[in-house]
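The following exercises are to be worked with the sequence and the three-dimensional structure at hand. Each task is followed by a solution in steps.

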Amino acid sequence: MNFQKLSQNRRSVNFFDPDRDVSQDLVRQMVEMAAASPSSFNLQPWNLIVLRDKDEKKRLKSLAWDQPKVVEAPVTMIVLADQKGWQEGHPVFERTWKEMMASGMPAEQRDWFLNATNSLYNWSGDARLAFAAKNTGFFAMSLMYAAVSLGLDTHPMDGFDHEGVKKAFNIPDNYWVPLLLAVGYRTKDLELTPPKWRKSYEDIVTKF
Ligand SMILES: Cc1cc2nc3c(=O)[nH]c(=O)nc-3n(C[C@H](O)[C@H](O)[C@H](O)COP(=O)(O)O)c2cc1C
């Protein structure tokens, strides 16, 4: 499927077939494809909670404006953005540093790396949130396109009680939750509404 087709086929699908499961193998493929997303310094500050259990999905639905798709989709993901993913001592940070050294970075550059990430991502709460959210946004978009390439449908949602979801699923404080993502197969013979309007090239390109 070329990208034009992929982007046309991706729609936020409201009605999932509750009787059609998504295999664990497909979920794994979807996540592994999305894992190829770019991120600042390759720090990959994203994680996922993957819910399949009906009771867990019901718990999430009650915190997500009661949106039926949270339960109807066989898989609903809580996407997590790690606001500390740039920090010294964080396992992904340290793994990244190790990989950088393995590909030729001299050990004396450690201070440079610490200073670069600290100065870019730790100058305010907004900066820490932006670091986590922008990188995880790329990952989330990749998840949606990966799903389409595997014949699946998705629905992103930010209609949920952020603090309520964090509490209900024991999500540590370093995470911000940018979105929930329902994943499954649309109900049989579902007629989608026509694609929504989009900004044109002229609307998008600007200067000040
Ligand atoms: C971050 C994000 C959050 C969204 N939250 C919701 C939501 O909570 N409920 C909902 O019905 N749609 C939600 N949407 C879906 C949008 O309304 C939808 O993407 C948009 O109208 C364009 O339609 P399309 O995805 O079918 O192209 C969300 C989309 C994004 C990207």
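This is a predicted model: local features need pLDDT of at least 70, side-chain atom pairs count only at pLDDT 80 or more; totals for chains, interfaces and linings use all residues.

**Exercise 1.** Describe how helix H2 packs against helix H7.

*Solution.* Two packed helices are described by the angle between their axes and the distance between the axes.

Step 1: The axes are lines fitted to C-alpha atoms, for helices over the stretch in contact, and angles run from 0 to 180 degrees between N-to-C directions. For H2 (residues 24–34) and H7 (residues 125–149), the axes come within 8 Å and cross at roughly 135°.

Step 2: H2 is therefore oblique to H7, given that angles under 35 degrees count as roughly parallel, over 145 as roughly antiparallel, 65 to 115 as roughly perpendicular and the rest as oblique.

Step 3: Contact requires C-beta atoms, placed from the backbone, within 7 Å. H2 contributes Met30, Met33 and Ala34, and H7 contributes Phe139, Ser142, Leu143, Ala146 and Ala147.

Step 4: These contact residues divide into seven nonpolar, one polar and no charged. Here Ala, Val, Leu, Ile, Met, Phe, Trp, Tyr, Cys and Pro count as nonpolar, Asp, Glu, Lys and Arg as charged, and the others, Gly among them, as polar.

**Exercise 2.** Is aspartate 66 buried or exposed?

*Solution.* Step 1: A residue is buried if 20 or more other C-beta atoms (placed from the backbone) lie within 10 Å of its own, exposed if 12 or fewer, and partly exposed in between.

Step 1: Aspartate 66 is exposed because it has 10 other C-beta atoms within 10 Å. Aspartate 66 is located in the loop between helix H3 (54–62) and helix H4 (69–72), and its phi is positive, about 60°, although it is not a glycine.

Step 2: Glutamine 44, in the loop between H2 and strand S1 (46–51), is partly exposed because 19 other C-beta atoms lie within 10 Å. Its phi is near 45°, a positive value in a residue other than glycine.

Key:
Residues are numbered from 1 along each chain as its sequence is written. Helices (H or I, at least four residues) and strands (E, at least two) are DSSP runs, numbered from the N terminus. Two residues are in contact if their C-beta atoms, placed from the backbone, lie within 7 Å.
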